[in-house]
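Subject: Structure handover

Hello,

The structure is placed below, and my notes on it follow. Please read them with the coordinates open.

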Amino acid sequence: MLRSLPFACSVLQLLLLATPIAADNFPYVGYRTAPFLPPQLKVTKTGPTDPGYIFVGPRGNQGMGTAALIYDEDGQLVYEGPQEVTANFRTQRLFNEEVITFWAGDMTDLGFGYGTVHILDNTYREIYTVTLGGGDLNFVSPFADAPASYIDLHESHVTERNTLLVTAYNVTQHDLTVIGGAPDDYMLDGMFFEIDIATNEIVYAWSAVEHLAEIPLEGSKQGLGPEYGTKEKPWDAYHINSVELMEDGYIISLRHYWSGFYVHNNGTVMWRLSGEKNTGDFEIDDQAVFSWQHDIRVYNQTQEGLVLSLFNNANTPTETVAATTGLSFYVDLANHKVSTLRALSDSSDVIHSVSQGSYQLLSPQSGHVVLGYGSIARVKEYDASGKAVMTAQFGEDNAVASYRGFKCQWKATPFWPPAVVAIRTTDEEAQVSMSWNGATEYDNWAIYAVEGEKLVKSVKREGFETTVELSGLREGYVQVVARQGNIPLGMSEVIYV
Ligand SMILES: *[C@@H]1O[C@H](CO)[C@@H](O)[C@H](O)[C@H]1NC(C)=O
Ligand SMILES: *[C@@H]1O[C@H](CO)[C@@H](O)[C@H](O)[C@H]1NC(C)=O
Ligand SMILES: *[C@@H]1O[C@H](CO)[C@@H](O)[C@H](O)[C@H]1NC(C)=O
């Protein structure tokens, strides 16, 4: 049982998480006004969608496109962040404001990461930077150089009490004879922390390896494999990949146990919801079977029960089992029964996602859900009836990944000015290109000849970058203004044309 999954499974999984793969033919888009080369977003709409922008953090085969990216539903770029590896790029609510949050750092080739969580306001100013490490935490890493912050890539969830829930992986020496290893082997602990965002202080810490009685190592679906168990290649027993608040504690997702666990505030594991029948504390219906899952979320918790959703990968690089689905269940706490409410997949575009992924309920009113397909570079929106109404693709299958993918409503006016570039074509003619990275609120551009403050022309915004041909324009200084109707929102520098 334990050895049934070949070690290659974990190795390939890790490759997908970390290693750039050879370039493919997926189209990228360049601009005159910004040094960006994001993937073209191919959007297919097949029904009415909910409002919002698409938030992804692609990485894989093209360094220039590796950044936090926002697109609109027409596939136009809205924002590109710095070139870096990110995870969980999205909006969340903090101190009653919508903010942008994302993890940035190093994704190791061991399946986890070391990084920092950045929180930006609606001008893209960084208002909080959350880190973990130092002090008496004594994290151990497999690498010679200690990272600056030990926040893992998998979770950065803002709670209603303005704290941040994050995961962390710590190397621990442990007797692994129960799974066929050695008494002095090394493994990865699965930890989570709740951090006060305003002060960066830890308010709660939990470690899986301190709960071996409740979560025995023999229950892991991740075989040890011949190369694993050293300090440099510790065994990834748990693979913790989501955390969220419950009434009296937390719910965590352990991918390598095909299960969600409810951890009480006092640390005790109160129950296990397993995706495998006759395992864990609930009787699950046939549709509720899941494996290698991500992103467990909880809604409407009462004494009697709760609604839970997750991204059911159901596949590994070495095993194609079934279509990847987005699942939602009613969990009957009184009778220990799980009944499936929704099982989302697109029969016209069946996906097998072997790693990463997300499930986002857009709104309880519309019932629309967005699935981010992780190792498959696609985001899909489903309507309340379970029909796929939108697919957005940003790379070739298994060549580009975004750890999670979201649709978020967002209004931002950047603190930086609009960019403008002009190319003179003749004595009387010039092409002027304008953009304002991240700005969502302007709908037109006004171009002014600086001398005499004369309005030369106003043009409708066209996607990320608007280019206009100006005729009858003699040499001189020009400035462009991004406007909403007649209201100026941002002014470029003055350029000579
Ligand atoms: C990490 O593991 C080491 C070695 O097992 C231990 O001493 C240290 O306390 C752990 N750190 C945390 C934050 O649990
Ligand atoms: C934690 O609280 C739960 C619920 O009251 C209880 O069942 C459990 O025994 C407690 N664990 C500890 C270690 O106190
Ligand atoms: C939570 O309960 C409300 C009110 O009954 C309902 O409208 C909503 O759909 C529920 N949410 C989920 C995710 O089931």
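I start with Thr101, which counts as buried because its relative accessibility is 0%; buried means under 20% relative accessible area, exposed over 50% and partly exposed in between, with a 1.4 Å probe and protein chains only. Thr101 sits in strand β6 (residues 97–107). Strands (E, at least two residues) and helices (H or I, at least four) are DSSP runs numbered from the N terminus. Leaving aside residues up to four places away in sequence, Thr101 touches Asn88, Phe89, Arg90, Gln92, His118, Ile119 and Val158, where contact means heavy atoms within 4.5 Å. The C-alpha atoms of Thr101 and Thr129 are 9.7 Å apart in space, and the two residues are 28 apart in sequence.

On conventions: this is a predicted model, in which local features need pLDDT of at least 70 and side-chain atom pairs count only at pLDDT 80 or more, while totals for chains, interfaces and linings use all residues. Residues are numbered from 1 along each chain as its sequence is written, chains are lettered from A and ligands numbered from 1 in the order in which they are written, and side-chain values use heavy atoms, with hydrogens and water left out.

Overall, the protein has one helix and 36 strands. Along the principal axes, the C-alpha atoms fill a box of roughly 80 × 50 × 45 Å. Of the 497 residues, 59% count as buried. Among contacts between residues at least 6 apart in sequence, 56% join residues at least 24 apart.

The accessible surface comes to about 19,900 Å², and carbon and sulfur atoms account for 49% of it; areas come from the Shrake-Rupley method with a 1.4 Å probe, and for residues only the protein chains shown count as cover. The protein has 31 positive and 61 negative charges, whose mean positions are 7 Å apart. Lys and Arg count as positive and Asp and Glu as negative, without His and the chain ends, and each charge is placed at NZ of Lys, CZ of Arg, CG of Asp or CD of Glu.

Next, the aromatic rings. Rings of Phe, Tyr and Trp (its six-membered ring) pair if their centres lie within 6.5 Å; planes under 30 degrees apart count as stacked, over 60 as edge-to-face and the rest as tilted. The count by this rule is 30 aromatic pairs. Phe36 and Phe464 form a tilted pair, 6.0 Å centre to centre with 55 degrees between the planes. Phe36 lies in the loop between α1 (8–18) and β1 (42–45) and Phe464 in the loop between β32 (454–460) and β33 (465–471), so the pair ties together parts 428 residues apart in sequence. Phe36 is buried at 14% relative accessible area, and Phe464 is buried at 1%.

Tyr238 and Tyr257 form a stacked pair, 5.8 Å centre to centre with 15 degrees between the planes. Both tyrosines are buried. Ring pairs also link Phe55, Tyr79, Phe89, Phe102, Tyr124, Trp410, Phe415 and Trp416 into a cluster.

Finally, two backbone entries. Asn162, in the loop between β9 (156–158) and β10 (163–174), has a positive phi near 60 degrees. Asn278 also has a positive phi near 60 degrees; Asn278 lies in the loop between β16 (269–274) and β17 (283–284) and is exposed, with a relative accessible area of 81%.

Regards
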